[in-house]
Amino acid sequence: MARVAIVTGGTRGIGEAISVGLKNAGYKVAANYAGNDERAKGFAERTGIAVFRWDVCDYDQCQQGVAKVAAELGPVDVLVNNAGITRDATMRKMGRKGWDEVIDTNLGGVFNMAKAVWDGMLERGFGRVVNIGSINGQAGQYGQVNYAAAKSGIHGFTKALAQEGASKGVTVNAIAPGYIDTDMVSAVPPNVLEKIVARIPVGRLGKADEIARAVLFLVADEGGFITGSTLSINGGQHMY
Ligand code: NDP
């Protein structure tokens with residue numbers, strides 16, 4: 001039986017590559033998104049992957065979303081917590097709203113989604129959770145106290161939850177991407193991006209597919225001994 005996977009923020013960027021990679025590997029995939037219906041529709045038509053709209057910040061929507069996926073595709077074996085946003089500003093300029101939005105989406109969303117799948121995974125004795133962190137959660141980044149705090153939180157969350165799932169066949173790991181060529185990075189001003197690329201030893205931005213293949217590695221049935229780990233994929237920019 002094909003395993004069922006949910007990818008949050010699975011219709012664009014890194015999430016799109018993960019959704020497609022999982023589908024090509026034989027998984028039944030549900031790609032979640034927040035509100036960009038046009039991109040989600042184009043993605044669904046192009047890939048044939050089912051799309052589901054809900055806000056990962058909302059606890060109840062996550063419970064209902066997971067129940068809907070389970071009813072349509074089957075019980076969820078794999079959760080990839082990929083949805084994330086940035087609201088960059090220096091501390092002097094950052095308001096409480098920019099802080100809350102990033103923490104609620106990038107960290108609160110990870111809790112909400114893990115909570116919605118966790119009991120089922122434990123009961124069935126199998127589960128794979130992969131959380132997408134960031135190089136900026138490991139190293140910090142100017143103008144990103146909100147994002148760095150949320151992503152750093154993901155790394156702690158991963159190590160703690162991994163301990164709860166370990167004896168039950170449920171693994172929890174994180175990936176910390178460096179700078180990957182997606183809409184999120186296109187939002188960085190070109191002069192800043194140029195300086196960032198100059199600091200990447202590999203000499204270029206990463207590709208979304210290069211993150212997707214690591215997800216496939218971690219969620220494989222054979223991956224039962226890999227848990228609580230963070231895989232850094234950043235072209236050598238930060239050796240953690
Ligand atoms: P994109 O901005 O390209 O895509 C973000 C995706 O997340 C979209 O599908 C979006 O949905 C979805 N999303 C955002 N908020 C919510 C929400 N509240 N509920 C459900 N879905 C939501 O991002 P990237 O592909 O660049 O990034 C993916 C992940 O990788 C993020 O967690 C990011 O922090 C992380 N990352 C990215 C790096 C990079 O260089 N790009 C580097 C390190 C980490 P919609 O289309 O509806 O808006």
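Trainee: Which residues line the largest cavity?

Mentor: Thr8, Val56, Asn81, Asn82, Ala83, Thr105, Asn106, Gly109, Val110 and Met113 do. This is a predicted model, in which local features need pLDDT of at least 70, side-chain atom pairs count only at pLDDT 80 or more, and totals for chains, interfaces and linings use all residues. Residues are numbered from 1 along each chain as its sequence is written, and side-chain values use heavy atoms, with hydrogens and water left out.

Trainee: What makes a space a cavity, and what makes it a pocket?

Mentor: Picture a 1 Å grid over the protein atoms alone: in a cavity a 1.4 Å probe fits but cannot get out, while a pocket is an open set with protein on both sides within 12 Å along at least five of seven lines. Lining residues have an atom within 4 Å of a point. The count comes to one cavity of 30 Å³ or more, and the largest cavity has a volume of about 40 Å³.

Trainee: Which helix gives the largest share of that lining?

Mentor: Helix α4 (residues 96–124), with five residues. It is called a helix because it is a DSSP run of H or I with at least four residues, whereas a strand is a run of E with at least two.

Trainee: How large is the largest pocket, and how many residues line it?

Mentor: About 1,200 Å³ of space lies in the largest pocket, and 47 residues line it, with Gly84, Ile85, Thr86, Tyr147 and Met184 nearest its centre. The lining has 22 nonpolar, 18 polar and seven charged residues.

Trainee: What space does the ligand take?

Mentor: The ligand takes the largest pocket. A molecule sits in a pocket if more than half of its atoms lie within 2 Å of the grid points, so the ligand passes that test.

Trainee: How many residues surround the ligand, and which are closest?

Mentor: There are 32, and Gly35, Asn82, Tyr147, Ile180 and Thr182 are the closest. Being near needs a heavy atom within 4 Å. Among the elements, α7 gives the most to this shell, three residues.

Definitions and conventions. Grid points are joined across faces, edges and corners, and a volume is the space filled by probe spheres set on the points. Ala, Val, Leu, Ile, Met, Phe, Trp, Tyr, Cys and Pro count as nonpolar, Asp, Glu, Lys and Arg as charged, and the others, Gly among them, as polar.
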